Amino acid sequence: MKVRRDIASIPVRTAAETWQAIIDLITGTGSVDAATLAAAASVMQSLIADEHPATCPIVVKGSGPRLVVYCLYNEAAMEAGKDVAALTWNPTGGNGWSVTAPSDTDDVTWMNNTLTTRAPRISVHDVASPPHDEDERAESAAQAQPLAINWGVLDQP
């Protein structure tokens, strides 16, 4: 299951303010390794400024549903305003959380090298080839299964 949040970015927020809004959204009491989110700020601000999260989400996997965060830019950001609906769970509340984010092909290597040392729970991928979504794959496989109806059960007393 996925939950989506849209966060107004430029010009409503700077890239730094947008990343802070995302941090505020995904952390809470009991967050584990939350300091790594701040350590990743320069990389995350760079990709937010490049506007990749407008079409390819920042994905947070952890405790609870998968969270996909899209950023809104320009007029859409101004129409949305700064309000962000709070989550009912803390995605960084367990040890298994991770974040993936989109970036330009040319920036993927240096950004991942930087994140490996500063914030190993966060990685970037080429915006043109996002990682496969295991949940969508499982849902597609489940939907591809033929539906079998036992009509004979209707004739039974």
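Where is W151 found? W151 lies in the segment after α6 (134-144), where helices (H or I, at least four residues) and strands (E, at least two) are DSSP runs numbered from the N terminus.

This is a predicted model, in which local features need pLDDT of at least 70, side-chain atom pairs count only at pLDDT 80 or more, and totals for chains, interfaces and linings use all residues. Residues are numbered from 1 along each chain as its sequence is written, and side-chain values use heavy atoms, with hydrogens and water left out.

**Surface patches**

W151 counts as exposed because its relative accessibility is 57%; buried means under 20% relative accessible area, exposed over 50%, and partly exposed in between (1.4 Å probe, protein chains only). Together with I149, V153 and L154, W151 forms a nonpolar patch on the surface, with about 460 Å² of accessible area together. Patches are made of residues with over 30% relative accessible area and no salt bridge; like charges are joined within 9 Å, and nonpolar side chains (Val, Leu, Ile, Met, Phe, Trp, Tyr) within 5 Å. Accessible areas come from the Shrake-Rupley method with a 1.4 Å probe, and for residues only the protein chains shown count as cover.

A patch of negative charge on the surface gathers D50, E51, D104 and D106. Asp and Glu count as negative and Lys and Arg as positive, while His and the chain ends are not counted. The place of a charge is taken as NZ of Lys, CZ of Arg, CG of Asp or CD of Glu. E51 is found in the loop between α3 (41-49) and β2 (58-61), and E51 is partly exposed at 34% relative accessibility.

**Salt bridges**

Side chains of opposite charge can pair when their charged atoms come close. A salt bridge is a side-chain nitrogen of Lys or Arg within 4 Å of a carboxyl oxygen of Asp or Glu, and the count comes to two salt bridges.

| Salt bridge | N to O distance |
|---|---|
| R4 and D6 | 2.9 Å |
| R121 and D33 | 2.8 Å |

R121, in the loop between α5 (108-118) and β5 (122-126), and D33, in the loop between α1 (15-26) and α2 (35-39), link distant parts of the chain, 88 residues apart. R121 counts as buried at 17% relative accessibility, whereas D33 is partly exposed at 40%.

**Cysteines**

A search of the whole structure finds zero disulfides, a disulfide being a pair of cysteine sulfur atoms within 2.5 Å. For C56, the nearest cysteine sulfur is that of C71, 11 Å away. C56 is buried at 7% relative accessibility, and C71 is buried at 2%.
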